[in-house]
Amino acid sequence: MGRKFKIAFSSSDRDSAFTFIHDLGFIPRQKEINRKLVRGFRVVLAGGLGAQPFMAHRITDFMEEDRIIPFTEACLRIFDRYGERAKRHKARLKYLIQDMGIDPFLELVQTEWESLSVKTFPIDLNDYTASEIPERSAWSSEDPVNFQKYERWLRLNQYEQKQKGYCAVQIKLPSGNINAENARKLAKIARDHASADMRITVNQGILLKYVKPEALKSLFIALDTINLAEPGFDTLYDVTACPGTDTCNLGIASSVGLAEELEKVLTKEYGDIVFEKEIKVKISGCMNGCAHHAIASIGFHGMAMKIGQYILPAMQVLLGGGLDSSGNGAIAEKIIKLPSKCIPDAVRSLLNNYQENMKDDENFNDYYNRMGKNHFYTLLKPLGELKEVNQFHLMDWGNEKIYETKIGIGECAVPMMDMVGVVFEEVRETLNRAKEAINQREWVEGIYYCYTALLNTGKALLLTKEKPCNTHISVIKNFDPTFIESKEFEWDGSFHDLVFQINTNGSSSEFADTYYNIVEDFYTRAIAYRESQLQST
C-alpha cells in the first residue's frame with residue numbers, strides 16, 4: 001500500500017516552501033564555525049495537512065549540509081520500520097510521531113544513523129543540470145495595446161532574478177487549468193522568450209525563467225493572445241482550488257465553482273486589492289486539503305450542512321494560516337461553517353473589516369491574531385442564520401442541479417490491495433532490484449532492498465495467521481512467537497536477529513552477497529510454506 005513521505009527545501013530564510021507542513025523540511029542557514037562560514041539548514045520534522053493538520057517539530061536550528069542526506073535516510077528507515085501500513089489515512093510520519101513521541105523517534109534515528117556506512121555526504125553544488133539560457137537576443141519592441149494592463153503585469157507577474165540581466169515571469173492559471181492547445185502555444189512562446197525549463201508553482205501557476213528585460217513586451221503580447229497574461233499572480237486575486245466535485249469523488253462541495261465566483265467578486269469590487277500579496281485564499285472540496293486550505297489566510301473546505309429539512313452545500317471557514325509578517329508558519333483555525341452560497345459575502349465581510357480596522361500596513365494574519373477567533377466568529381455568524389432556504393442555496397456554485405452528497409474514492413486516495421499473493425509478488429520484484437543493485441556494486445541500495453524483501457516476506461506469512469503486521473516493527477515482534485518458536489516455520493535462528501543484521505554489518509560487497517542469499521532462501525521457504533497451506537485447505 002502506498003505511503004507518503006514529503007521533503008521540502010526552502011530557497012530562502014523566509015519559508016517559501018512551507019517546510020512546516022512536510023515530513024522533513026530544510027531552511028537554509030549559515031553559521032561561523034572555527035572562523036569559517038559553514039552552510040547548513042534549520043531542520044523541521046513531521047508536519048502535514050489533510051483532515052488533521054500538524055505543524056512540524058523543530059529539530060535543530062543548524063545542521064551542516066553534509067549531514068542532511070544521512071539524517072534523511074535514517075528518518076526514512078525508522079518511518080519504514082515503524083510507520084502504519086494497514087490504515088491508509090494514518091500512513092504519515094506525523095501520526096507515527098504523535099503515537100511514539102518526537103524524542104524516542106530521534107533516538108531511533110540516531111541509532112540508525114550510526115549504523116549507516118555513510119555518516120556524512122558532501123554536497124556538490126555543481127552537480128546539477130543548469131537551465132538552458134535562450135540564445136535569441138532581439139525581440140519586437142512594439143507597445144502592448146493595453147499598456148495599463150502591461151504595467152500591472154510587470155509589477156505583479158515578474159521579478160528580477162538573482163542571475164544579473166534576467167527576469168522570471170509568473171503565469172496565473174485559473175484553478176491551475178490550461179487546455180492542450182494553449183499548452184502547446186505556451187511551449188512555443190517559452191522557447192522564443194525564456195528557458196525551456198518551466199516550473200509549476202505551489203499556487204497552481206507556471207514560472208518562466210531567464211527572460212531578458214527587452215523581451216518582456218513581446219512575451220506579454222504573446223501570452224495575452226492566449227489569455228495567459230492576467231495580472232495578479234499569487235495575489236488575493238489568485239485563488240487556489242482543488243478539482244473538488246468536478247472530478248473527485250471525495251469532493252463534498254464545489255471548490256472550482258466557488259473559486260471562479262470569488263475571483264469575479266474580487267475583480268469587480270476590490271480593484272486595488274489586486275496588489276495584495278499577503279492574503280491567500282485557498283479552497284478544498286473536502287477536509288483532506290489538496291488545495292492547502294489549512295495554510296491559507298482565508299481558507300475553505302467543502303462540507304454539507306442541514307438547515308431545517310434541507311441539506312445544503314457548505315464550506316468550513318478557516319483563518320490565519322500560512323506565513324506571518326516574520327515568515328513563521330501557522331495552521332489556520334476553524335471559525336464557522338456557512339452555506340456555500342454565503343461565502344462571497346463572508347469574504348466581503350472579512351476584507352471590509354480588515355480594511356476598516358487594520359493598523360498601518362498590518363499583515364492580515366497579524367490582524368487575525370490581534371483580533372482573535374471570537375471576533376471573526378461574531379462577524380460571520382449572521383451569514384449562516386438563513387431565515388428562508390430557497391433554490392439558490394440548494395444549488396452549488398457552477399452546478400444547476402439540486403445538491404446531494406455522494407462520497408467515493410477520491411483522486412488523492414489509492415485503493416488498498418493487501419492479499420498474500422500480491423505481497424509475495426512485490427517481494428519477488430524487490431529481490432530482483434536487490435540483485436540488480438548488487439551487480440552494479442551499489443551495496444547500500446542492495447542491502448536495503450534485501451531488508452525490505454525480508455520484512456514483506458514476514459508480513460505475507462503473518463497475514464495468513466491474521467496477526468498484526470501493519471508496521472515493520474509489528475512484523476519483527478510477531479514473527480518469532482508465531483512461526484519460529486512454535487516451529488511451524490523451519491528456520492535456524494530468530495527472524496529478529498536476521499532482520500537486524502542490517503544494523504550490525506557494514507555496507508560491504510561480502511555482506512550484500514551473503515544477505516541477499518539468506519533472504520532469497522528465506523523467501524523460497526516462505527513460498528513453499530504458503531503452497532503447503534493452500535494445498536491443505
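I began with contacts (heavy atoms within 4.5 Å). In the protein chain, 64% of those with a separation of 6 or more join residues 24 or more positions apart.

I noted the ground rules next. The model is predicted, so local features need pLDDT of at least 70, side-chain atom pairs count only at pLDDT 80 or more, and totals for chains, interfaces and linings use all residues. Residues are numbered from 1 along each chain as its sequence is written, and side-chain values use heavy atoms, without hydrogens and water.

**Whole chain**

I looked up the secondary structure and found 17 helices and 15 strands. These are DSSP runs: helices are H or I with at least four residues, strands are E with at least two, numbered from the N terminus. The C-alpha trace spans about 80 × 65 × 50 Å along its principal axes.

I then checked burial. Of the 537 residues, 49% are buried. Buried means under 20% relative accessible area, exposed over 50%, and partly exposed in between (1.4 Å probe, protein chains only).

**Helix α6**

I picked α6, residues 216-224. Its buried residues are L216, S218, L219, F220, A222 and L223. What covers them? I found α4, β5 (158-160), β6 (167-171), α5 (180-193) and β8 (206-211) among the cover. I also recalled that an α-helix has 3.6 residues a turn, so residues three or four places apart point the same way.

**F121**

I ended with F121. It sits in the loop between α3 (102-115) and α4 (147-157). Is F121 buried or partly exposed? F121 is partly exposed, because its relative accessible area is 40%.
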